[in-house]
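Please consult the sequence and the model shown here.

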Amino acid sequence: MSKINWNFKNTYFNLPKSFKEDINPVPVKNPDLVMFNESLASELNLNYSTIDKKELSKIFSGNVLPNGSNSIAQAYAGHQFGHFTMLGDGRAVLIGEHTTQTNKKYDIQFKGSGKTAFSRNGDGRAALGPMLREYIISEAMNGLNIPTTRSLAVIKTGEDIHRETALQGAILTRVASSHIRVGTFQYIAARQKEDELKILLDYTIDRHYPEIKDSKNQALNLLSLLIERQCDLVVNWMRVGFIHGVMNTDNMTISGETIDYGPCAFMDTYDPKTVFSSIDQMGRYAYCNQPIITKWNLARFAECLVPLIDKNQDKAVKIATKTINSFEKKYEEKWMKMMRDKLGLFGSDHKDKFLILDLLTWMHEKKADYTNTFCNLMDLAPKKDNLFDDNGFVNWKKRWVDRLSKNNSSSKKYLEIMKKNNPLVIPRNHKVEEALEAAEKNDLKPITQLLEILKDPYTQKEDTPNYQIPSRSDEKYQTFCGT
Ligand code: AMP
Ligand code: MG
């Protein structure tokens with residue numbers, strides 16, 4: 001047991017050699033703690049209050065490895081923009097699986113920790129800006145009640161890394177319920193060793209879905225469960241206007257947590273075709289394509305499981321295809337429920353879909369801010385906006401009010417549902433940039449304040465209006481993968 005109270009019970013380390021490389025983080029010159037997530041540390045039952053900053057810096061850089069750590073880089077593959085590639089942790093190591101007092105298990109991973117067998121031509125390192133960005137957005141997602149990997153710490157390494165210019169090196173401590181990806185299955189499946197695939201299946205079920213352990217067709221049940229989880233996840237993304245930006249199969253977890261905060265960003269102006277990522281030229285991962293890509297990724301997952309679904313390949317493919325094709329109906333139902341919640345509509349009315357689509361069309365035509373339109377409906381918009389005096393909106397609102405009257409419940413109940421589903425605050429791009437710029441110059445005040453407001457984005461606070469103003473729509477925001 002180390003000072004900070006890691007309670008490592010490492011299981012992935014015990015899987016066959018082909019699943020990973022045993023490797024330690026490469027020590028860094030001058031580790032300096034920039035961010036430390038005390039509330040997450042408490043959730044993990046870590047004992048941090050008596051450890052000084054210098055010691056924390058050593059711990060979260062990997063310069064000292066705790067007792068009980070079996071550091072590994074995990075092997076995985078993935079379809080990146082549709083093309084299959086062998087990948088793996090090229091700039092991350094899993095130092096151990098921490099187990100809490102309530103027996104919850106978390107992967108503790110250092111991202112930016114140096115070269116591994118999977119680094120290919122990369123340097124294994126990460127820059128401060130992108131690591132802080134991941135910290136902000138992943139914690140924002142958690143505040144929005146969306147399943148996600150978390151961020152426990154960021155340290156500066158004291159070493160420059162070289163991209164187009166020299167940048168400050170950094171390491172992020174990522175906490176995840178596991179790092180098993182669709183790409184992990186793809187990697188093992190590509191090796192065509194059924195015993196290894198079965199090991200991965202058993203491991204995954206043990207770790208994430210013990211409820212299907214004794215079921216007759218575990219592989220098929222796992223597929224169904226993942227369809228359910230990923231469908232819920234993408235509906236949540238659509239709810240808050242989150243655009244992941246790089247939905248490659250290696251960036252889709254089997255736990256159902258959002259992972260990989262490279263080029264993601266939140267949409268201000270409602271436009272279904274919104275893309276922020278500089279490399280997503282075809283808009284493959286645009287806002288409106290996210291459900292389609294989720295299904296596509298799940299189909300790649302299903303392909304891996306075919307040998308375990310049925311010995312008869314034709315039969316297995318048939319069953320898998322049918323299961324995958326359940327996605328659209330599921331998505332439609334879950335999306336409708338989510339939109340009804342956003343609008344405070346109880347039960348269902350055959351005209352609901354028109355009501356919802358008409359609002360979205362109006363938002364698109366008038367370039368309305370997605371988040372603030374719902375805030376306006378809750379009377380919680382940051383300031384008076386003449387856009388909402390528009391006839392189209394006023395008429396739509398009459399229909400909405402009429403539909404609300406069919407709710408058959410006390411008048412304010414609808415507002416409660418709306419408040420739980422419509423964030424007042426999202427990590428607005430200009431606010432994120434402002435916080436990152438300051439942090440790079442050692443001013444942590446903006447990032448600390450931003451994180452504070454993002455912790456509870458559904459509650460009106462004194463400071464809330466300052467974070468509700470959209471970015472200027474004439475400035476096209478672009479994101480980069482951060483490698
Ligand atoms: P990502 O874009 O973070 O999903 O990474 C895709 C793949 O590239 C993964 O295999 C990463 O480990 C690898 N990778 C990204 N950046 C680096 C880097 N600086 N050095 C080595 N490998 C990297
Ligand atoms: Mg990734």
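Polar contacts, by comparison, number 8 residue pairs between domain 2 and domain 3, both residues at pLDDT 80 or more. Such a contact is a pair of N or O atoms within 3.5 Å; within protein, one must be able to donate a hydrogen and the other to accept it, and residues adjacent in sequence count only if both atoms are side-chain atoms.

The model is predicted: local features need pLDDT of at least 70, side-chain atom pairs count only at pLDDT 80 or more, and totals for chains, interfaces and linings use all residues. Residues are numbered from 1 along each chain as its sequence is written, chains are lettered from A and ligands numbered from 1 in the order in which they are written, and side-chain values use heavy atoms, leaving out hydrogens and water.

The domain bounds come from an automatic or database domain assignment:

| Domain | Residues |
|---|---|
| Domain 1 | 2–176 |
| Domain 2 | 180–424 + 468–483 |
| Domain 3 | 429–467 |

The C-alpha centres of domain 2 and domain 3 are 25 Å apart. Their contact (heavy atoms within 4.5 Å) involves 18 residues from domain 2 and 11 residues from domain 3.

Together, domain 2 and domain 3 bury about 1,100 Å², with 47% of it on carbon and sulfur atoms; buried area is the accessible area (1.4 Å probe) that two parts lose on being put together, summed over both. Leu 424, Gln 468 and Tyr 477 supply 48% of the area that domain 2 buries against domain 3, more than any other three residues.
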